[in-house]
Amino acid sequence: MNGQPLLSAEYEVAAADASKRLDHFLAAALPQFTRSRLQNLTREGHVRINGAPAKPGAKLHSGDRITVQEPPPRPSEALAQEIPLDVLYEDEDLIVINKAPGIVVHPAAGNWDGTLVNALLHHCQTLSGIGGEERPGIVHRLDKDTSGCLVAAKSDMAHQKLIRQFAGREITKIYLAIAEGRPAQKSGTIHASIGRHPVHRKRMTVVEEGRGRAAHTDWRVLQELPTGTLVECTLHTGRTHQIRVHLKHLGHPLLGDEVYGHKAGFPRQMLHAWQLGFTHPRTGEQVRLVAPVPEDFRAAGVRTV
């Protein structure tokens with residue numbers, strides 16, 4: 001790294017954008033960045049309005065000058081660790097792995113090693129620096145106990161283009177879920193906004209439209225099992241815990257989900273990121289990956305799908 005900013009941009013607020021919130025303006029102006037990344041840049045003083053540090057919720061006025069200076073990525077604190085990876089696809093730009101259940105994606109309090117990032121740092125010579133660290137590579141995440149397809153970027157170009165596809169809802173994301181009970185319908189669509197639970201702050205919940213973030217899940221029954229029902233879920237948005245919250249809202253929470261349902265003798269929440277599809281950031285070709293049905297799903301009675 002040469003110590004130079006990754007991004008240096010300046011905008012003048014037009015009359016049409018007056019009264020907008022700063023974070024909403026930036027999300028539209030810089031779609032290659034996640035909302036959380038933009039908020040962090042703002043809180044860290046790298047976004048200014050008329051030369052002064054700004055807050056994400058600041059109201060804009062016509063003629064305001066907004067500057068964004070993304071700092072060079074800081075060295076990753078994560079250590080490379082030799083942890084086995086089930087690689088579904090890999091080239092010079094990206095890697096897609098079949099994440100095992102029980103592994104955390106990124107180091108954090110309580111899980112500083114043994115994570116997917118530690119494994120990727122050992123496996124890959126380079127990972128992208130978008131997001132604040134030199135080599136995290138992480139484009140999206142799966143919960144610790146969710147298995148299946150996860151893509152990481154090796155280059156900043158690949159990372160930016162994949163982020164745009166996720167933000168533009170151009171990624172195909174199909175999951176297998178073992179739900180409690182028997183849904184009355186064989187298929188359906190859930191349009192229900194998701195927000196933070198008002199009491200249990202580590203949980204998400206369905207909220208009134210306008211209070212949370214819009215969330216859209218299509219689902220259909222694939223198999224009836226002795227223990228529950230195998231449901232295929234297609235995500236059209238990527239909200240935190242979306243499938244877990246939507247299936248609970250449907251009245252059929254995931255088996256093994258102790259947060260939104262019941263542990264009920266299962267080793268983990270029975271959710272598997274089955275298929276992932278995207279446009280290759282360099283070649284423009286369509287890539288479609290399938291993570292095999294995991295053994296604990298087969299033990300629950302799932303046949304080949």
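How many positive and how many negative side chains does the protein have, and how far apart do the centres of the two sets lie? There are 37 positive and 32 negative side chains. The two centres are 6 Å apart. The model is a predicted one.

Start with the overall build. The protein has six helices and 15 strands. Its radius of gyration is 21 Å, close to the 19 Å that the globule rule gives for 305 residues, so the protein is as compact as a globular protein of that length. Along the principal axes, the C-alpha atoms fill a box of roughly 65 × 45 × 40 Å. Of the 305 residues, 48% are buried. The exposed surface comes to about 15100 Å². Carbon and sulfur atoms supply 47% of that area.

Now take the charged pairs. The count of salt bridges is 13. One of them joins Arg282 to Asp93, with the closest N and O atoms 2.7 Å apart. This pair links distant parts of the chain, 189 residues apart. Arg282 sits in the loop between β14 (271–279) and β15 (286–290). Asp93 sits in the loop between β5 (87–90) and β6 (94–99). Arg282 has a relative accessible area of 47%, so it counts as partly exposed. Asp93 has a relative accessibility of 2%, so it counts as buried; the cut-off for buried is under 20%.

A further salt bridge brings together the side chains of Arg182 and Glu224, at 3.5 Å from N to O. Here the partners are 42 residues apart. Arg182 belongs to the loop between β8 (172–179) and β9 (187–191), while Glu224 belongs to strand β12 (residues 216–224). Arg182 is partly exposed, at 41% relative accessible area. Glu224 is partly exposed too, at 46%.

Asp296 and Arg268 form another bridge, and their closest N and O atoms are 2.7 Å apart. Asp296 lies in helix α6 (residues 295–299) and Arg268 in the loop between α5 (242–250) and β14, so the pair ties together parts that are 28 residues apart in sequence. Arg268 is buried, with a relative accessible area of 2%. Salt bridges can also share partners: Glu10, Glu12 and Arg65 are joined into one network in this way.

Ser19 is one of them, at about 80°. Its place is the loop between β1 (7–12) and α1 (22–29). Ser19 has 53% relative accessibility, so it counts as exposed; the cut-off for exposed is over 50%. Arg169 is another, with a phi of about 55°. Arg169 is in the loop between α4 (156–167) and β8.

Key. Residues numbered from 1 in each chain as written. Predicted model: local features only at pLDDT ≥ 70, side-chain atom pairs only at ≥ 80, totals over all residues. Heavy atoms only, no water. Salt bridge = Lys/Arg side-chain N within 4 Å of Asp/Glu carboxyl O. Helix = DSSP H or I, 4+ residues; strand = E, 2+ residues; numbered from the N terminus. Buried < 20%, exposed > 50% of the residue type's maximum accessible area, 1.4 Å probe, protein only. Rg over C-alpha atoms; globule rule 2.2 N^0.38 Å. Areas by Shrake-Rupley, 256 points an atom, 1.4 Å probe, with all protein chains shown as cover. Lys, Arg positive; Asp, Glu negative; His and termini not counted. Charge placed at Lys NZ, Arg CZ, Asp CG, Glu CD.
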